[in-house]
Amino acid sequence: MKVLKFGGSSVGNAENIEKVVSVVRQRAAEGEIAVVLSAMQGTTDALIEAGQAAAIGDDGYLETISDIERSHLDAIDELFPDGHHHAIAEFFENTVKELENICEGVRLVRELSPRTLDRILSFGEIVSSRIVSEKLAAAGIENVWKDSREVIRTDANHGFGAVDPAATTKLITDYFNQSKAKVHIFPGFIAADATGSTTTLGRGGSDYTAALLAAAVDAEVLEIWTDVSGMMSADPRFVRNVRQIPRITYREAMELSHFGAKVIYPPTIQPVMAKSIPVLIKNTFAPDEPGTLIQTVADTDGQMIRGITSIDKIAILSLEGSGMVGIPGFSKRLFDALSRAQINVILITQSSSEHSICVAVEEKRAADAKLAVDLEFEYEISVGKIEPLGVETGFSILALVGDNMKQHTGVSGKMFMTLGQNGINIHAIAQGSSERNISAVISTKDVRKAVNTLHEEFFSDGKRQINVFIAGVGTVGTRLIEQLRAQHEHLSDEMLLNVRVVGVANSRRALLDSEGLDLTTYKDDLKSAGETDIEQFTDAIIDENLRNSIFVDVTASPAVVATYPKLLSRSISVIACNKIAASSEYDKYVRLKDLAREFGTNFFFETNVGAGLPVINTLNDLLRSGDRVNRIEAVLSGTLNFVFNNYDGTRKFAGVVRQAQDEGYTEPDPRLDLSGTDVARKILILAREVGHRIEMADIENAGFLPESCLKGSVEDFYVELERNEPHFRGLLDPAVNQGLKLKYIASLEGGNAKVGLQSIGPDHNFANLSGKDNAVLFYTDRYPEQPLVIKGAGAGADVTAAGVFADIIRAAR
């Protein structure tokens, strides 16, 4: 025999009941079956509402009953369109009258006892099962409807009747031995006590009914038909690419269900688990899908973890005090107090010092728990031995479940490292000796990110989702987005990185979409986005709380730099094309690096020196490998190199500078380049990366621009360049006459840094630097005479964007 149980959604309306009939027809053709039915979806809650309204004298219960009646009559009319439903219609009418009479009695006495409420609630399952029974008969499927109250015996604890296993098993087996039917229909959830009074089986009661029937007859299988295709590796509301679990053990299923998975209610499958009867979870609305088979032993398919689940609305109770240390009995008294208050403890952890005990309970019972525990320890609190019970709310319990975890080392470490890298703080931890479950208490606001992060770590094919936010969509920002779009498929296929741009902002507007922006229309979309500032944009990034988040700054704004600390402290990586952060006050620079280290995230600024050239990364590799940098010489301005490579006296200096700006080699204000300020910043950053404590004021800057060129607007600057052409020829001509070239060179030696224009001979390392190239020479203990040379294009939007792109990939990996 097979036992089939259909949940409330499966019998929620006429269309769904037709699907139930189809499943029953198929199973009945295979052999004898018993079918257990829940109330129509929403009916049980409505019946509770009607009873409670009647108890306070509110005539609104009549309207609630009318709504229940209407939904059931609608289903009856659709299921029996030819009008041949007199028997079920008459039964239903009589049942509704009985329900109204009971509620009217409740209204008159202003009392709703648990016994009366059970009687009211029985209406839902009785009516739904009778409707299905009649529909099966009308469809030519002979069946017998049997009242579950005649075969399931409980005590008189109304609302949560405790089943008498021996009496129930005898009643069930006697019924099946006497019945000649092949299809048996039972209402779920309801039972009766020894006097015949209606009782109910509590949460998951219909599953329990089905399990009791299956255990009593040693069923071949218990099939639970619901609105999902079995158990999933995570909550599909949180994780898009969840996996359906084909097989799972009873214990794993109970762990997952205890910690939030709603497919089954753990106590209800105890009867079938005791007899090793498999449970098959199936989808009424997708009956051809395989579902999940729950059995004593299940193949692991090589997976360490079977599923990830969570419980929300958790409160953490902390009992602590020096008076607890070494004194037996505190734990017992704590749990006794909670037990007397009928408060269920979900998670327990205690420090080895015995100074504190931490337990998790439902948030709605936190106040009751505090009253009960503070009363229990009233004396100890009054004399200062322990503190009043601490209560914290706003938490969730996150759990990894899998029998196979005990076969693998490092699962806990992997879990906690993954959470830590995404800035998810763990408030409490618990793991049983069975190693079947690892639980962590985290803030509820972090649950979605935590579940996604862990699912990606334990269940994905190795592909990681990277969420990128970009401040600045000028020339470099635009090129970066173009490169990300062009390389998306390559990153996904070859590097297993799903890099999504989920936010962009300019100085006035911002665009955010947690599912990823359309990179073909983002410019137009940004124009129509609401006005905002960088503080609001970065606050929104934090509120989105997406895993593997990376913030990219391709502005030159100090306001953007000011947001770095709050981003880093939330474990959001920062990629800075903006040089302000690394070249500001030394203490601010150090703080940003310390924050990145403290919160396990990344602060990269490779493009601050040399655009796309791997200057900073190479320097750090030298230092990390134990080398010592003794001297650095560098041409660090592609702009200045371009200018002095092209200024040969045939054109005016102003014309060459304007060409450099037109071709995108200069800052918006070229004076930042020509004054040497930008070069000074770059050698400052290299000096700091070497390990020197140095400020901008410590750098010797031998500028070549006349003072008048540094005043006024950019256009005023060009006017002054024209006027000072003789000055620039005075720099060029002597060098040319001696066969020398002009190069703007930065150097660092012994903690002293300087920048300035130099005349160099044809044998100098920098003599043949062409166009906008940069070059950096590292003289180290390993490279004392022949320096390590990094050379290449040091300016331009494409190479700068490529350098930022490389930093994004480094942070992602």
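Predicted model: local features only at pLDDT ≥ 70, side-chain atom pairs only at ≥ 80, totals over all residues.
At 28% relative accessibility, D174 counts as partly exposed, and this aspartate is one partner in a salt bridge with K170.

- Between D174 and K170, the closest N and O atoms are 2.9 Å apart.
- The two residues stand four apart in helix α6, which spans residues 165-178, and they are therefore separated by about one helical turn.
- K170 counts as exposed, because its relative accessibility is 54% and the exposed class begins over 50%, whereas D174, at 28%, counts as partly exposed.

- R107 pairs with E104 in a salt bridge whose closest N and O atoms are 2.7 Å apart.
- Both residues belong to helix α4 (residues 86-109), where a spacing of three residues means that about one helical turn separates them.
- E104 has a relative accessible area of 25%, so this glutamate is partly exposed.

- The side chains of R729 and D733 meet in a salt bridge, with a distance of 3.2 Å from N to O.
- Helix α28, covering residues 725-737, holds both partners, and because they are four residues apart, they are separated by about one helical turn.
- On the arginine side of this pair, R729 is partly exposed with a relative accessible area of 30%, and on the aspartate side, D733 also counts as partly exposed, at 28% relative accessibility.

**A network of salt bridges**

- Side chains of opposite charge can pair when their charged atoms come close.
- Beyond the pairs described above, R333, R340, E376 and E380 are linked in a network of salt bridges.

- D74 is located in helix α3 and counts as partly exposed, because its relative accessibility is 40%.

Methods
Residues numbered from 1 in each chain as written. Heavy atoms only, no water. Buried < 20%, exposed > 50% of the residue type's maximum accessible area, 1.4 Å probe, protein only. Salt bridge = Lys/Arg side-chain N within 4 Å of Asp/Glu carboxyl O.
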